[in-house]
Amino acid sequence: MQDIYSTNPKTLGRGICIITGASRGFGRALAQEVSYFSKPGSVLLLVARSNTMLQELKEELQSLTKDQQLMVHCIAVDLSTREGVHETVRVARQEAINEMDHVLLINNAGILQVFPCRPGLRWSVVNVSSVFATQALPSWVLYCTAKAARKMMFGVLAEEEPNVKVLSYSPGPMDTDMQVDIRRLTGSNHHLLPCQESAAKLMKLLLDNNFLSGKHLDFFEV
């Protein structure tokens, strides 16, 4: 990553980032991107069900970011449960740092009130969406409906919270286990993208920070 971005002086600032689904695939790639572009002293909270995979990622990130003194914490919970959300909120409050200038939340809107709003504090919320939030896929009614509902939920969030920069990002057809299922069940045969490539494009959007809040952007549109 360093060779690719060595000419880019932009950073995410010094703050706290919460990434759900961080143990593998796109979430793992995003954790790598965020760790590289965070200022020294930042905190990264990795949330997923598998503690083993989270610990492996933590060790990898800490070995790559020694000079940045990045604090990485693993939260092994199921966010579909109330207990999982409460535990994530508890750890986030506990690990919040003084003098932070950016709160970045990727995937989950359920913990937006963990940190108080104040002048100068940048808020970014990313909904990892899908092309199927706007396009129907045969036999995937629940998935398409859920993604469409999340798109609207984050759109409403953007309208209600003008101090929060909201982005719904469709990462494209990536080389993940879900794409294997889609191919098997639908017979589609898309060219699959490396997770890191899509994660890098999302990171550029966050660093440039010139998208309209509430916008839904696809990998192939940016």
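1. Basis. The model is predicted, so local features need pLDDT of at least 70 and side-chain atom pairs count only at pLDDT 80 or more, while totals for chains, interfaces and linings use all residues. Residues are numbered from 1 along each chain as its sequence is written, and side-chain values use heavy atoms, with hydrogens and water left out.

2. Overall make-up. The chain has seven helices and seven strands; these are DSSP runs numbered from the N terminus, helices being H or I of at least four residues and strands E of at least two. Their order from the N terminus is α-β-α-β-α-β-α-β-β-α-β-α-α-β. Of the 222 residues, 48% are buried, where buried means under 20% relative accessible area, exposed over 50% and partly exposed in between, with a 1.4 Å probe and protein chains only. Among contacts with a separation of 6 or more, 68% come from residues 24 or more positions apart; contact means heavy atoms within 4.5 Å.

3. The sheet. Seven strands make an open sheet with parallel pairing, in the order β3-β2-β1-β4-β5-β6-β7. Two strands pair if DSSP finds at least two bridges between them. β3 (71-76) and β7 (215-218) each have a single partner strand, so one side of each lacks a neighbour in the sheet. On average, neighbouring strands are turned by 15° against each other, direction ignored.

4. Strand β4. All five residues of β4 (residues 102-106) are buried. His-102, Leu-104 and Ile-106 point one way, Val-103 and Leu-105 the other. On one pairing, five bridges join β4 to the parallel strand β1 (residues 15-20), with Ile-18 opposite Leu-105. Five bridges also join β4 to β5 (residues 122-128), again parallel, and here Leu-104 stands opposite Ser-124.

5. From β5 to β6. Six bridges join β5 to β6 (residues 164-170), and the two strands run parallel. Trp-123 has Val-164 in β6 as its bridge partner.

6. Helices on the sheet. Helix α2 packs on the sheet and touches β1, β2 (43-48), β4, β5 and β6, its direction making about 170° with that of β1. Helix α4 (residues 82-95) lies across β1, β2 and β3, at about 170° to β2. Axes are lines fitted to C-alpha atoms, for helices over the stretch in contact, and angles run from 0 to 180 degrees between N-to-C directions.

7. α2 against α3. Helix α2 (residues 25-37) and helix α3 (residues 51-64) pack at about 25° with their axes 11 Å apart, and are therefore roughly parallel. Angles under 35 degrees count as roughly parallel, over 145 as roughly antiparallel, 65 to 115 as roughly perpendicular and the rest as oblique. The α2 side of the contact is Arg-28, Ala-31, Gln-32 and Ser-35, and the α3 side is Met-53, Glu-56, Leu-57, Glu-60 and Leu-61. By class these are four nonpolar, two polar and three charged residues. Ala, Val, Leu, Ile, Met, Phe, Trp, Tyr, Cys and Pro count as nonpolar, Asp, Glu, Lys and Arg as charged, and the others, Gly among them, as polar.

8. α2 against α7. Helix α7 (residues 195-208) packs on α2 at about 45°, with axes 9 Å apart; the two are therefore oblique. Contact residues include Phe-26, Leu-30 and Phe-37 of α2 and Leu-202, Met-203 and Leu-207 of α7. The contact has eleven nonpolar residues, four polar and one charged.
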